[in-house]
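Have the model open while you read this one.

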Amino acid sequence: MTTPQRSCYAAGRGGCSSGLSREHYVSRSVLDLFSDGDAVSLGGFAWMAKGKVKDLPIDAITARVLCEEHNRQLSPLDSEALRLFQTWERMYPEFANPANPSSWTERVDGELLERWMLKTLCGCASSGVVAMPETVRPGWHIPDTWISVLFGDAPMPANCGLYLLSEPGDQATAERAIVIEPFGLGGELVGVRMELNGLSLALFMDPPALPLEKRQLITCRPARIVFYDAQSEKGVHLGWTDGGTLRARYSPS
Ligand SMILES: [Zn+2]
């Protein structure tokens, strides 16, 4: 019996190139945007205390889990995530300058963003660097259906995908940190929660069971995420091809 070699997690699709990319499981461009020089504040790693963030050098968080060709095919996902976070970077200094209030909305492709979160989750699951939830059985591997969704061959299953976990009226903070917390259920990895500069998002690859957290309002595929102060509103309009927004509200009993 031979030890399995680390390989491209999309190898089942065929068409792998010979070299594995030196992939950052959070897109390098996003890490650069959030970084302070060469380091970025990250949380959720296997060896970290839960809820803690730590400054890590960007180049220390790579893994060879995807071949160069499949990584290249997924580059539009990285670009779209970068566009979202560039919006955040533009927003905070503008809010901090009340002498010049302006309201605006940027458009971001919601499905590309969702698939970027799935790419991040697949990278984390393959690399073993981010802490996997204890509920996930050893030997779990990425289902073929996830790979089909990731590469745009299949739609996101109903009621799965991007969920906004912040409540309307939440106070936004300009904290520059990225926290990645995969979660599981019944032995399977189900999704990932991501804290990105104060915005709390989750990707569900199985429909979520309510309640997620007491009195937490969740929105599936939000159409708009808007930040405001007394003088202006700034935010993103998320485009979805299915045009629908499902809202799931948890009511405390
Ligand atoms: Zn490949």
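A quick definition before the helices: the expected span of a helix is 1.5 Å times one less than its number of residues. Helices here are DSSP runs of H or I with at least four residues, strands are runs of E with at least two, and both are numbered from the N terminus. This is a predicted model, where local features need pLDDT of at least 70 and side-chain atom pairs count only at pLDDT 80 or more, while totals for chains, interfaces and linings use all residues. Residues are numbered from 1 along each chain as its sequence is written.

The protein has 5 helices and 13 strands.

| Helix | Residues in helix | First to last C-alpha | Expected span |
|---|---|---|---|
| α3 | 21 residues | 31 Å | 30 Å |
| α4 | 18 residues | 26 Å | 26 Å |

Next, burial. A residue counts as buried if 20 or more other C-beta atoms lie within 10 Å of its own, exposed if 12 or fewer, and partly exposed in between, with C-beta atoms placed from the backbone. On that scale, buried residues make up 30% of the 253 residues.

In α3, the buried residues are L77, D78, A81, L84, W88 and M91. They sit on the same side of α3 because they cover an arc of only 145° around the axis, taken from the directions from the helix axis to the C-beta atoms. Turned away from that buried side is a face with the exposed residues S75, R90 and P93. The cover over the buried residues includes α1, β5, α4, β11 and β12.

α4 is another story: 16 of its 18 residues are buried, so it is largely enclosed by the rest of the structure.

What about the core? A nonpolar core is a set of buried Ala, Val, Leu, Ile, Met, Phe, Trp, Tyr and Cys residues joined through C-beta atoms within 7 Å. The largest one has 51 residues, and M117, L118, L121 and L203 have the most contacts inside it. α4 gives the most to this core, with 8 residues. Contact means C-beta atoms, placed from the backbone, within 7 Å. Beyond its neighbours within four places in sequence, L203 has contacts including E114, M117, L118 and L121.

Finally, confidence: pLDDT is the predictor's confidence in each residue, from 0 to 100. The mean is 81, with α5 highest at 97 and β13 lowest at 46. Where pLDDT is low, the predicted coordinates should not be read in detail.

Methods
Two residues are in contact if their C-beta atoms, placed from the backbone, lie within 7 Å.
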